Amino acid sequence: QHDDDGGPDPEKHHGHGRGGMGEEVKRKEDKRFITGRGNYVDDIKKPGMLHCEIVRSPHAHARVNEIDKSRALNLDGVVAVLTAEDLAAHELATMPTLMDDTQDVLVNDKVKFQSQEVAAVIATDRYVAKDGAEKVEVDYEVLDPVVTAEEALEADAPLIRDELEDQEDNHIFDWDVGDKEATDEVFEEADVTVEEQMEYQRLHPAPIETCGCVADWDPGKDKITVHLTSQAPHAHRTLFSQVSGIPEHKVRIVSPDIGGGFGNKVPIYPGYVVAAAASVVLEQPVKWMEERSENIQTTGFARDYDMTGELAATEDGIIKGVRTDVLANHGAYNAVAQPSKFPAGFFNIFTGSYDIEAAYGSLTAAFTNTAPGGVAYRCSFRVTEAVYLIERMVKVLAQELDMDPAEIRRRNFIPADAFPYESATGWNYDSGDYEKALDKALEMADYDHYREEQKRRIEEDADKLIGIGISSFTEVVGAGPGKSCDIAGIEMFDSADIRVNPTGNAVLRVGVQTQGQGHETTFAQIVAEELGMDVDNISVEHGDTDTDPYGLGTYGSRSTPVAGAATAVAARKVREKAKSIAANELEAAEEDIEWDRESGEFHVAGAPDRSITITEIAAGAYMNHPSSEEPGLEAVNYYDPPEMTYPFGSYIVVVEVDRETGEVDFEKFVAVDDCGNRINPMVIEGQIHGGLAQGIGTAMMEHVTYDENGNCTGGDFMNYLLPTANEIPNFETGYTVTPSPHHPIGAKGVGESPTVGSPPAIVNAVVDAMAHAGTTHVEMPMTPDVVWEALDEAGLSL
Ligand code: MCN
Ligand code: CUM
């Protein structure tokens with residue numbers, strides 16, 4: 001799968017002027033977005049289209065005794081009211097989750113979380129549907145709810161999943177990793193041990209566009225077309241076919257423009273199934289589109305991990321062991337979107353960027369009367385939680401040993417010459433140079449200056465304290481390989497199909513699906529790089545299962561590592577065939593044809609003036625093809641990655657903490673990222689900016705909260721606070737380049753790095769401001785009241 005000429009040169013970030021690797025090509029998709037010509041699911045309108053509104057439970061835990069549809073059905077414009085019973089007649093009462101659990105499409109018997117789907121009203125317009133939903137009368141028998149994982153595991157806790165035969169309590173699974181004995185031993189013998197308890201609160205991806213679909217059954221073709229807010233159209237088609245019984249070739253999933261996904265659009269939701277079922281039964285198109293509060297309260301949340309971290313170290317700060325124990329709240333169904341064989345996602349990368357001898361982690365997951373989910377929101381399948389744990393713990397240890405947090409990291413980093421590196425929990429890191437990234441960040445952050453300033457403020461008993469936080473994170477992105485990663489049994493590979501037209505331009509089709517990441521530009525750049533074509537002559541198509549090659553979709557920052565690799569390999573296949581056509585056109589032997597990456601041209605060895613461009617070759621492929629080859633110029637690649645890629649970075653945050661109000665101001669925010677070879681530095685910078693903003697949201701504001709009755713009290717934008725331009729400081733970004741040795745173009749993913757890496761840097765900074773008074777931890781979200789309490793506890797409040 002590797003290139004003949006070694007791929008693009010990592011030292012060349014300027015490209016070759018055709019919009020290939022390393023060039024800051026402006027995003028092609030932005031023309032339509034900034035001129036209001038985007039085409040989102042809710043923009044799709046079909047003749048005779050009906051609208052679906054879902055009736056949701058006001059209670060978190062309740063038995064449904066009776067549903068009375070009559071008043072709703074009497075309403076002018078209401079076409080149908082569906083309940084679990086109606087769906088059962090079509091064997092659609094339940095659907096599988098991505099983790100092999102079974103979820104009610106509409107509540108069969110018992111409501112298990114607030115706002116769960118109880119019935120659906122189909123009407124001629126959305127307003128009537130909404131009025132109709134209010135007229136559906138449901139008789140509930142309210143039961144005691146269980147809201148936290150801790151309560152759920154108490155002996156006398158009400159049983160949530162009583163419909164499951166073998167389920168006697170709310171316990172879902174136990175999982176562990178690493179060598180317990182060896183780790184315990186290291187802890188017993190250690191000079192120093194530290195322990196900290198920390199919560200990674202429940203978050204929501206909250207994309208601007210909520211989830212929805214337009215399902216359109218064609219009785220003439222026995223085929224259903226579903227325009228869907230999907231990050232994984234092919235996988236969704238397979239699951240859709242399995243759930244509905246409609247053969248897969250009679251299901252077409254189209255992901256049009258997607259207004260942000262952030263992981264929220266990986267799972268399958270009941271609304272999709274209801275709309276599709278209604279379309280089949282009524283033989284009319286049916287649209288379902290969530291409101292904001294429905295999105296936040298019911299679709300895939302993120303995090304909700306209660307973690308204990310422990311480190312064992314020598315007196316001079318060499319970390320010998322790490323131990324962690326987690327209590328995970330999975331909500332009412334185990335519906336985590338992650339590779340099936342990883343019950344706790346990639347949380348077991350909690351050794352982070354450090355060369356640690358012994359590691360052991362254990363985790364217990366529980367059902368609660370809250371919405372299902374657990375992996376979404378730029379998370380790399382729980383790497384977010386792992387990075388938070390280890391980066392917080394390193395800070396805790398540095399404080400215990402009175403060491404500089406930069407110095408303690410330096411002492412423990414996996415050395416640059418130790419790659420490929422196998423971690424104590426079994427991960428194979430491809431490449432890294434952690435010290436280089438940290439050094440660069442320290443320099444950019446003017447670290448020593450701020451340490452001085454911090455000291456000065458303490459000595460002067462100033463009203464505002466300075467805190468400096470560091471996070472030197474390692475990410476793992478690009479799932480597969482297929483043998484270890486799958487979604488509902490489907491191996492996690494990805495694909496690319498390149499077709500060069502007679503006039504010299506090309507169409508690239510991929511199995512991944514952009515939600516704003518800029519694939520229409522960056523994937524064209526890969527082809528431009530590998531074929532010597534101009535980026536403007538390549539269009540990228542995706543999101544239509546009728547025409548695109550099968551792929552597993554965009555999440556876990558896997559597009560570049562997997563589909564990006566497929567694109568490069570497919571382009572190189574085209575290049576191979578192009579050589580044969582070039583030989584024919586130039587009347588030379590094929591072995592004598594060379595391709596020059598710099599000029600993008602093919603020429604006869606030793607005779608650079610006997611050359612030909614890809615445009616001329618394209619014409620040759622259709623108008624004068626060599627007898628040894630088929631006509632046309634096209635190639636496909638299905639890429640099963642040999643390994644994942646391990647992007648990394650160092651973030652440094654300087655905050656000013658107001659002792660009077662608990663307010664936190666960002667003085668400096670430095671992010672140095674390494675994602676291997678860079679395709680489009682401008683797109684990367686945009687990804688970093690967006691992800692850092694989400695990291696600030698995570699650390700400072702965002703939280704899906706519930707009261708003791710299971711009412712979601714953080715389920716709208718009045719209560720689920722997102723950062724705006726006001727809260728976002730100026731980011732200073734930098735980069736290093738450590739190519740992935742196994743990726744055809746040396747690239748690693750980057751989309752999730754900033755959200756994964758930044759929260760611990762921010763918390764470390766706030767803790768650092770109070771560390772002199774003994775504070776070791778402050779819980780997220782660090783709203784002013786939380787910070788003020790911490791200041792007060794440390795005796796620092798004014
Ligand atoms: N890129 C690059 N060079 C690299 C690596 C990446 O130029 N070495 C570019 C890619 O070509 C792509 C972008 O950066 O255009 C992100 O690439 P990658 O890291 O491969 O991640 P994905 O494309 O797979 O995107 C997924 C990732 C995830 S999982 C979430 S969640 C997230 C994120 O991206 N959701 C987003 N960023 C988002 N950005 C927007 N605008 N909207 C979302 O919903
Ligand atoms: Cu986990 S959020 Mo992204 O992987 O789609």
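Me: In this predicted model, is alanine 152 buried or exposed?
Reply: The relative accessible area of alanine 152 is 2%. The cut-off for buried is under 20%. Alanine 152 therefore counts as buried.

Me: Where does alanine 152 sit, and how many Å apart in space are alanine 152 and threonine 724?
Reply: Alanine 152 belongs to helix α5, residues 149-152. Along the sequence, 572 residues separate alanine 152 and threonine 724. In space, C-alpha to C-alpha, the separation is 36 Å.

Me: Which protein atom is the donor to the copper atom of ligand 2?
Reply: The residue to look at lies in the loop between β18 (373-374) and α10 (383-401). The protein gives the copper a single donor, 2.0 Å away. That donor is SG of Cys379.

Me: Are the rings of tyrosine 354 and phenylalanine 413 stacked or edge-to-face?
Reply: Their centres are 5.7 Å apart and their planes are at 5°. Planes under 30 degrees apart meet the cut-off. The pair is therefore stacked.

Me: How many residues apart in the chain are tyrosine 354 and phenylalanine 413?
Reply: Tyrosine 354 is in the loop between β16 (319-329) and β17 (358-366). Phenylalanine 413 is in the loop between α11 (405-412) and β19 (421-422). The pair links distant parts of the chain, with a separation of 59 residues.

Me: Are tyrosine 354 and phenylalanine 413 buried or exposed?
Reply: Tyrosine 354 has 0% relative accessibility. Phenylalanine 413 has 8%. Both values are under 20%, so tyrosine 354 and phenylalanine 413 count as buried.

Me: What kind of pair do the rings of tryptophan 595 and phenylalanine 602 form?
Reply: Tryptophan 595 is buried at 11% relative accessible area, and phenylalanine 602 is buried at 0%. Their ring centres are 6.5 Å apart, with the planes at 50°.

Me: Which residue in β8 stands opposite valine 64?
Reply: Strand β2 covers residues 62-68 and pairs with β8 over six bridges. The sense is antiparallel. Opposite valine 64 stands tyrosine 140.

Me: What is the bridge partner of valine 81 in β7?
Reply: Strand β3, residues 78-82, has four of its five residues buried. Four bridges join β3 to β7 (residues 117-123), and the two run antiparallel. The partner of valine 81 is valine 121.

Me: What is the volume of the second largest pocket?
Reply: The volume counts the space filled by probe spheres. For this pocket the value is about 450 Å³.

Me: Which residues of its lining are the closest to the centre of the second largest pocket?
Reply: The lining holds 11 nonpolar, three polar and six charged residues. β31 (648-658), β32 (664-674) and α17 (681-700) each give two or more residues to it. The closest to the centre are Glu663, Val664, Asp665, Met700 and Glu727.

Note on methods:
Residues are numbered from 1 along each chain as its sequence is written. Chains are lettered from A and ligands numbered from 1 in the order in which they are written. This is a predicted model: local features need pLDDT of at least 70, side-chain atom pairs count only at pLDDT 80 or more; totals for chains, interfaces and linings use all residues. Side-chain values use heavy atoms; hydrogens and water are left out. On a 1 Å grid over the protein atoms alone, a cavity is a set of points where a 1.4 Å probe fits but cannot get out, and a pocket is an open set with protein on both sides within 12 Å along at least five of seven lines; lining residues have an atom within 4 Å of a point. Ala, Val, Leu, Ile, Met, Phe, Trp, Tyr, Cys and Pro count as nonpolar, Asp, Glu, Lys and Arg as charged, and the others, Gly among them, as polar. Two strands pair if DSSP finds at least two bridges between them. Donors are N, O and S atoms within 2.8 Å of the metal (3.2 Å for Na, K and Ca); water is not among the atoms, so sites may look incomplete. Rings of Phe, Tyr and Trp (its six-membered ring) pair if their centres lie within 6.5 Å; planes under 30 degrees apart count as stacked, over 60 as edge-to-face and the rest as tilted. Buried means under 20% relative accessible area, exposed over 50%, partly exposed in between (1.4 Å probe, protein chains only).
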